[in-house]
Number of protein chains: 2
Amino acid sequence: MMKTWTGQGWRDFQDGDLRPDDRGFLLGDGVFETLRVKGGTLRRGDLHRVRFEAACRAMDLDCPARWEAIAEGAETAGEDAMVRVTLSRGAGPRGLGVIEAPRPGLFLSASPVSEPPDGLALVTAPLRRSPSSLASRHKTLSYTDNAAARRAAVRAGGDMALCLTTQGHVSGGDCANIFWICGSELVTPSPDCAIRTGVTREAVMKCAADAGLSVREGMFSPDALQAAEAIFVTNCALGVVPVRSLDGLEFDVRHGAVQALKRAEVIVG
Amino acid sequence: MMKTWTGQGWRDFQDGDLRPDDRGFLLGDGVFETLRVKGGTLRRGDLHRVRFEAACRAMDLDCPARWEAIAEGAETAGEDAMVRVTLSRGAGPRGLGVIEAPRPGLFLSASPVSEPPDGLALVTAPLRRSPSSLASRHKTLSYTDNAAARRAAVRAGGDMALCLTTQGHVSGGDCANIFWICGSELVTPSPDCAIRTGVTREAVMKCAADAGLSVREGMFSPDALQAAEAIFVTNCALGVVPVRSLDGLEFDVRHGAVQALKRAEVIVG
């Protein structure tokens, strides 16, 4: 399914809806949001809305549709689906010239939900994320660095890249937030660490107390991960996924606290 | 003009040539190169080729056309034109999953050449570039940060953003390299400063000796710019353009050495 917003509501995508002079294509100039539809209902719609609207504000993008219409559109994808909302700045002059009257394009696409893996092998990426970069902090159409980090991780036999900041602090997975368990603490990089403050990240932090954990956000060196009892990553498509190894160092994918958080995340709104 | 490569040569772009599941659109996953056609001939084709091929290698991208065919295609744009070559990774699975058999898409678009301004007002961008980022070092389809820097500069009454690295060193304009004059020295950030090593940058460095200047590449604090006699930026579309002001501090746009380099750049191959 691919839908596009026409101003008169949603319609199926047609050839020509996306033009090659679109800034989203030429410059990665736009944002997206990945939504999970479960049992015909958009999951955590309010959290996604807050994040999507924050990304639009940060990018000076006016979305041509109200969030309610996007959410409704997403729910037409089926009983269970991943829906990606892509908002592009639209066509503009050559180069970086500011568009006088931008006409942003809105696209919805749906994919089946896939079963999360039991565990992921992380490989630390050579490239570092700038904490001040919009591309690091929001879901923009500029994912080159994450895609490159993923390719390097896969080449090294891994499943996902671990990205650090330019200051050398842990940031997160190439498309996921990262957490680790240290005694009774659930530890995760703070928003200053070039992370997207994920919707599932937020949900997991809400579950921590029930799992007997206190949450500690901060700026951590990668050594902190090596000393962790267990590590996991989160995103909206996968939920909570244990980390099987980090740069070859193995971790317990059946750690009790991680399993408890995985179960709790499925329940918490 | 917009052309696309089909394997049987170039043809005019048609609706549907660019699909919304293209990674170039969804993730900014691809590269581009901006070419200048002058008198029906591609200018500095060899330098552009070296840079384009380096970007493809860095991105693990196989270009479906030989450079000669791209150059020939560019030269069909007209006697005088800017031609943008856009290479996208093509369609792939949801998320960052590695594409098994990628079919990269190649697009050429042409724009008229515009007269460069007499001088540009630069405004320092709040965001910082990571020197290890592919998006910083190559012309990728992930230009979100440059576009955001430009918008902020324009909002502040400027024409172009000056970007710094995460370490606080001068990097360059949002879509240009930067140089300044300090006595008999022509100073510019080194390739370690999150810059794209521009084709016009290289040409200007070749002209320096004839203009009585020695070239100094390095990592410089923004203070170095404030103490400069004159500043200019370079790119393939504009050539050499003097900087009129930086964050409100004014500079001489008629500085002799800058004018000499501007004239020399027009001549040097």
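Q: Why is the second largest pocket called a pocket, and what is its volume?
A: On a 1 Å grid over the protein atoms alone, a pocket is an open set of points with protein on both sides within 12 Å along at least five of seven lines, whereas a cavity is a set of points where a 1.4 Å probe fits but cannot get out. The second largest pocket has a volume of about 830 Å³, a volume being the space filled by probe spheres set on grid points that are joined across faces, edges and corners. This is a predicted model, in which local features need pLDDT of at least 70 and side-chain atom pairs count only at pLDDT 80 or more, while totals for chains, interfaces and linings use all residues. Residues are numbered from 1 along each chain as its sequence is written, chains are lettered from A and ligands numbered from 1 in the order in which they are written, and side-chain values use heavy atoms, with hydrogens and water left out.

Q: What makes a residue part of the lining of the second largest pocket, and which ones lie nearest its centre?
A: A lining residue has an atom within 4 Å of a point. By that rule 41 residues line the second largest pocket, and Arg94(A), Gly95(A), Arg150(B), Cys175(B) and Asn235(B) lie nearest its centre.

Q: How are the residues lining the second largest pocket split by class?
A: Ala, Val, Leu, Ile, Met, Phe, Trp, Tyr, Cys and Pro count as nonpolar, Asp, Glu, Lys and Arg as charged, and the others, Gly among them, as polar. On that basis the lining has 20 nonpolar, 12 polar and 9 charged residues.

Q: What about the largest pocket: how much space lies in it, and how many residues line it?
A: The space in the largest pocket comes to about 1,000 Å³. Its lining has 50 residues, with Cys175(A), Ala237(A), Arg94(B), Gly95(B) and Leu96(B) nearest the centre. By class, 24 are nonpolar, 15 polar and 11 charged.

Q: How many cavities of 30 Å³ or more are there?
A: The count is 2. The largest cavity has a volume of about 330 Å³; its 28 lining residues include Ser133(A), Ala135(A), Asp145(A), Ser133(B) and Asp145(B), which lie nearest its centre. The second largest cavity holds about 40 Å³ and is lined by Arg36(A), Arg43(A), Arg44(A), His48(A), Thr200(A) and Cys236(A).

Q: How do you know that the chains are in contact, and what area is buried between them?
A: Contact means heavy atoms within 4.5 Å, and 55 residues of chain A are in contact with 56 residues of chain B. Buried area is the accessible area (1.4 Å probe) that two parts lose on being put together, summed over both; here it is about 4,300 Å², with carbon and sulfur atoms giving 63%. Phe25(A), Arg94(A) and Leu96(A) supply 18% of the area that chain A buries against chain B, more than any other three residues.

Q: What rotation superposes chain A on chain B?
A: A rotation of 180° with 0.0 Å of shift along its axis does it, at an RMSD of 0.0 Å. The two copies are thus related as by a two-fold rotation axis. The superposition is by least squares on the C-alpha atoms of residues with pLDDT of at least 70 in both.

Q: Why are S3(A) and S4(A) said to pair?
A: Strands (E, at least two residues) and helices (H or I, at least four) are DSSP runs, numbered from the N terminus. Two strands pair if DSSP finds at least two bridges between them; S3(A) and S4(A) have 2, in the antiparallel sense, so they pair.
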